[in-house]
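Colleague: I have a chain to learn from, and I would like to go through it step by step. Shall we start?

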Amino acid sequence: LDGFKDVIKAFKIKNLRLIFAVVFIFCIGWSFFYEFISVTWISDYGFDAAKVGFFYAYGSGFYAISSGILIRPIVDRFRNNVVFFYTLIANGLLFLFLLIKPPPIWVWVYLPVVNFLGALLYPTSTAMVSDMASDEEQGEVLGILQSVQAAAFGLSPLAAGSLLGNNPHMPMVLGGSSMLLAALLLASSMQWRR
């Protein structure tokens with residue numbers, strides 16, 4: 001039950017509860033989008049299991065390349081909070097853009113972009129939490145962050161069945177809305193603006 005205790009504790013740490021809430025919201029959006037975009041591909045494009053698997057592998061390859069190489073010039077040059085904020089907005093808008101049902105060829109284009117942006121979100125949010133914690137509490141706080149992320153990843157599939165049953169485009173709606181809500185919440189914080 002330590003993970004549940006950590007999630008509760010996350011919202012009791014005054015100077016970090018906002019960033020934990022932002023991470024929780026964006027992780028729900030990311031999880032819902034990435035885990036269930038295949039429902040949209042099957043519904044809109046008629047993809048079979050092999051094609052869905054191929055595109056997940058294709059996107060994951062870009063995530064790995066982005067995490068290891070491509071994001072470095074950005075995270076080295078700009079502050080973490082700035083990168084994190086604008087990446088949330090870009091991902092939210094991209095997810096919502098997909099509601100126009102672009103032709104299937106666009107999957108080749110948007111998957112690398114989505115995964116590049118995802119590769120920016122996780123290290124910048126972790127660095128922000130790390131920077132906001134004192135040296136003595138840093139290990140515990142980063143463990144709490146992992147619990148918050150895990151809770152979000154665990155909750156999104158619980159809502160998936162009913163939401164996807166009503167509309168196969170919910171990955172874009174919920175994913176994009178969550179990203180933009182997280183950015184709005186972050187922007188409302190005086191601490192973040194400083």
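Predicted model: local features only at pLDDT ≥ 70, side-chain atom pairs only at ≥ 80, totals over all residues.

Colleague: Is Lys101 buried, partly exposed or exposed?

Modeller: Buried means under 20% relative accessible area, and exposed means over 50%. Lys101 has a relative accessible area of 48%. That value falls in between, so Lys101 is partly exposed.

Colleague: What is the phi of Lys101 near?

Modeller: Lys101 is a residue other than glycine.

Colleague: How many helices and how many strands does the chain have?

Modeller: From the N terminus on, the elements run α-α-α-α-α-α-α-α-α. The secondary structure therefore comes to zero strands and nine helices.

Colleague: What does the radius of gyration say about how compact the chain is?

Modeller: The chain has 194 residues, and the globule rule gives 16 Å for that length. The radius of gyration is 17 Å, which is close to it. So the chain is as compact as a globular protein of that length.

Colleague: What share of the contacts between residues at least 6 apart joins residues at least 24 apart?

Modeller: Take the contacts in the chain between residues at least 6 apart in sequence. Those that join residues at least 24 apart make up 84%.

Colleague: Which helix gives the most to the lining of the largest cavity?

Modeller: The structure holds one cavity of 30 Å³ or more. The largest cavity has a volume of about 40 Å³. Its lining includes Ile37, Thr40, Trp41, Asp44 and Tyr45. With five lining residues, the top giver is helix α2.

Colleague: How do the lining residues of the largest cavity divide into nonpolar, polar and charged?

Modeller: Among the lining residues are Leu98, Lys101, Pro102, Tyr110 and Met172. Lys counts as charged, while Leu, Pro, Tyr and Met count as nonpolar. The whole lining divides into seven nonpolar, one polar and two charged.

Colleague: Is Thr40 buried or exposed?

Modeller: Thr40 has its place in helix α2. Leaving out residues up to four places away in sequence, Thr40 touches Tyr45, Pro168, His169, Pro171 and Met172. Its relative accessible area is 4%, and the cut-off for buried is under 20%. So Thr40 is buried.

Colleague: Which residues does Tyr110 contact, leaving aside its neighbours within four places in sequence?

Modeller: Tyr110 is among the core residues with the most contacts inside the core. Tyr110 also lines the largest cavity. Its contacts beyond those neighbours are Ile37, Trp41, Leu94 and Leu98.

Colleague: How many residues are in the second, separate core?

Modeller: This core includes Phe32, Phe36, Ala160 and Leu164. Its residue count is five.

Colleague: Is Ser178 buried or exposed?

Modeller: Ser178 lies in helix α8. Not counting residues up to four places away in sequence, Ser178 touches Ile25, Ile28 and Gly29. Its relative accessibility is 7%, and under 20% means buried. So Ser178 counts as buried.

Conventions: Residues numbered from 1 in each chain as written. Heavy atoms only, no water. 1 Å grid on protein atoms, 1.4 Å probe; cavity = no way out; pocket = protein on both sides within 12 Å on 5 of 7 lines; lining within 4 Å. Points joined across faces, edges and corners; volume = space filled by probe spheres on them. Helix = DSSP H or I, 4+ residues; strand = E, 2+ residues; numbered from the N terminus. Buried < 20%, exposed > 50% of the residue type's maximum accessible area, 1.4 Å probe, protein only. Contact = heavy atoms within 4.5 Å. Core = buried A, V, L, I, M, F, W, Y, C linked by side-chain atoms within 4.5 Å. Rg over C-alpha atoms; globule rule 2.2 N^0.38 Å.
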